[in-house]
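This briefing covers a two-chain model, given below with its sequence. Topics follow in short groups.

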Amino acid sequence: MSGYLEELKLPDFHFWKEIKEKRILLSAEIELTERCNNNCTHCYVNLPANDQDAKKRELSFQEIREIADEAVEMGCLWWLITGGEPLLREDFTDIYLYLKKKGILTGVFTNATLITPELVRLFKKYPPRDLEITVYGVTQKTYERVTRTSGSFEAFRRGINLLQKENVSFTLKAMALRSNVDELEAIKSSYRTISKDHFRFDPFLHLRLRPDDKRNHQIKNERISPEEIVAIELADEERKNGLLKQICEEKKIGQETADLSDDNQLFYCGAGKTSFALDPYGFFKLCSSLSHPDCVYNLRKGSLKEAWEKFVPQVRVMRTEDEQCRNRCLQCPLINLCMWCPATAYLECGKLDGHIEDFCQIAHARAEALGFEKHIEKLI
Amino acid sequence: MNKLERIYAKSKDLVEREIEGEIIIVPLTSGMGDLEDELFSLNEVGRDVWARIDGKRCVSEIVNELEEIYEIEREKIAADVLGFLGELEKRKLIVEDASCQAT
């Protein structure tokens with residue numbers, strides 16, 4: 001009789017072995033609001049901070065509590081709070097503490113501009129699982145070229161200084177954009193030492209979740225070229241190794257719900273396998289990007305249990321009859337290097353099985369840079 | 001006071017979750033684990049002790065109950081339970097419950 005108590009990191013828990021072949025609800029991502037105090041050029045979701053219509057439609061604290069209660073009953077262990085800017089919610093502290101006190105491992109994504117001494121005390125006493133902050137530049141000029149908000153750079157600096165002063169750890173990441181691409185190295189060298197985890201760049205910009213031609217045009221203008229993306233990735237050893245691992249993996253992750261002999265099946269990813277996303281207005285999604293009307297479920301009209309047990313399987317068996325999608329994308333040996341998925345296809349093309357030429361070029365540039373292109377040509 | 005007469009209660013700063021049959025102790029506040037981000041898991045015997053920490057039973061009562069479950073000599077069980085409780089107390093997962101002792 002010894003060793004009754006084990007102190008473990010989450011990936012080391014024994015239940016992972018038990019759930020390997022099951023579809024079980026473990027995590028969720030909740031967008032508390034689409035409103036944001038910044039107005040970033042590349043953002044796929046933001047609305048003005050004072051958008052009263054959006055504010056009125058957002059889930060109330062009580063509604064979030066009810067969904068969290070149901071999620072915990074179903075075994076959900078961690079939630080990521082995101083936005084928009086989640087700290088804009090006046091009841092952020094109530095929501096955060098409620099989730100924590102339910103035993104949910106709670107992470108927060110923020111731009112840090114609204115961090116106050118009170119919030120630092122909250123995070124100090126009740127630490128978030130992850131506190132992830134996005135950096136847009138090391139100079140005010142570049143930072144605010146992206147955020148299009150005067151004073152945001154100063155507010156960001158003040159926020160991270162407050163956290164640092166009280167030793168609240170956080171992870172920094174940067175979006176790699178046309179507006180800041182010349183400053184990426186400076187961003188990395190300035191901030192990597194204060195980031196708790198690996199400092200990473202995200203070069204993939206989603207189009208708006210709600211169609212908006214003007215904003216989508218701005219997002220496309222912010223995208224850097226496939227060659228630039230690959231150069232950034234190859235300079236990052238961790239990311240490069242991740243890609244090499246990805247290309248060797250079996251493409252169909254959701255094996256328990258996917259019919260492997262059915263090449264018409266759209267969803268080969270892990271969406272809805274162990275997690276879900278919740279938008280600010282109560283719409284359940286299999287992942288945060290999957291916004292097609294046939295793939296969302298209104299939790300104001302039904303339960304999480306129904307969404308998880310009945311709705312998700314219906315979505316996961318959706319098929320395509322599109323020849324190009326079947327023969328080109330779903331059969332492509334580079335699919336693991338491609339950002340294509342039904343969710344991004346819908347955002348880019350307006351249909352779940354559309355072909356995305358930009359993503360195709362990135363996948364091929366990655367394969368070439370990693371030395372896989374010639375090998376793959378033989379397979380095609 | 002004799003250690004076996006002590007009464008312990010679970011800390012209010014933790015939440016107990018059960019995922020796929022595994023008991024997971026989630027600390028709410030900082031400073032409970034050796035390292036940041038860590039959680040606690042209990043093995044089967046640990047669960048038997050943990051389930052009996054209720055702010056009412058004294059250690060000796062817990063040992064009595066375990067003696068009925070495990071065919072091990074009482075002294076060995078008592079030593080193990082005290083060692084385990086010490087580990088839990090060091091990590092602030094339990095507190096000695098003075099209010100319960102008074103009753």
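At what angle do helix 2 and helix 3 of chain B pack, and how far apart are their axes? The angle is about 125° and the axes lie 10 Å apart. This is a predicted model, in which local features need pLDDT of at least 70 and side-chain atom pairs count only at pLDDT 80 or more, while totals for chains, interfaces and linings use all residues. Residues are numbered from 1 along each chain as its sequence is written, and chains are lettered from A and ligands numbered from 1 in the order in which they are written.

**Helix packing in chain B**

- Helix 2 spans residues 59–69 of chain B and helix 3 spans residues 74–90; helices (H or I, at least four residues) and strands (E, at least two) are DSSP runs, numbered from the N terminus.
- Axes are lines fitted to C-alpha atoms, for helices over the stretch in contact, and angles run from 0 to 180 degrees between N-to-C directions.
- Helix 2 of chain B and helix 3 of chain B are therefore oblique to each other (under 35 degrees is roughly parallel, over 145 roughly antiparallel, 65 to 115 roughly perpendicular and the rest oblique).
- From helix 2 of chain B, B:V59, B:I62, B:V63, B:L66 and B:E67 meet B:R74, B:I77, B:A78, B:V81, B:L82 and B:L85 of helix 3; contact means C-beta atoms, placed from the backbone, within 7 Å.
- Nine residues of this contact are nonpolar, none is polar and two are charged (Ala, Val, Leu, Ile, Met, Phe, Trp, Tyr, Cys and Pro count as nonpolar, Asp, Glu, Lys and Arg as charged, and the others, Gly among them, as polar).

**Chain B overall**

- Chain B has four helices and five strands, in the order β-β-β-β-α-α-α-β-α from the N terminus.
- Of the contacts in chain B with a separation of 6 or more, 56% are between residues 24 or more positions apart.

**Interface of chains A and B**

- The interface brings 28 residues of chain A into contact with 29 residues of chain B.
- Strand 1 of chain A gives the most to the side of chain A that touches chain B, with four residues.
- That side of chain A divides into twelve nonpolar, six polar and ten charged residues.
- Strand 1 of chain A and strand 4 (residues 39–42) of chain B run antiparallel and are joined by four bridges (strands pair if DSSP finds at least two bridges between them).
- A:L8 has B:L39 as its bridge partner in strand 4 of chain B.

Definitions and conventions. Two residues are in contact if their C-beta atoms, placed from the backbone, lie within 7 Å.
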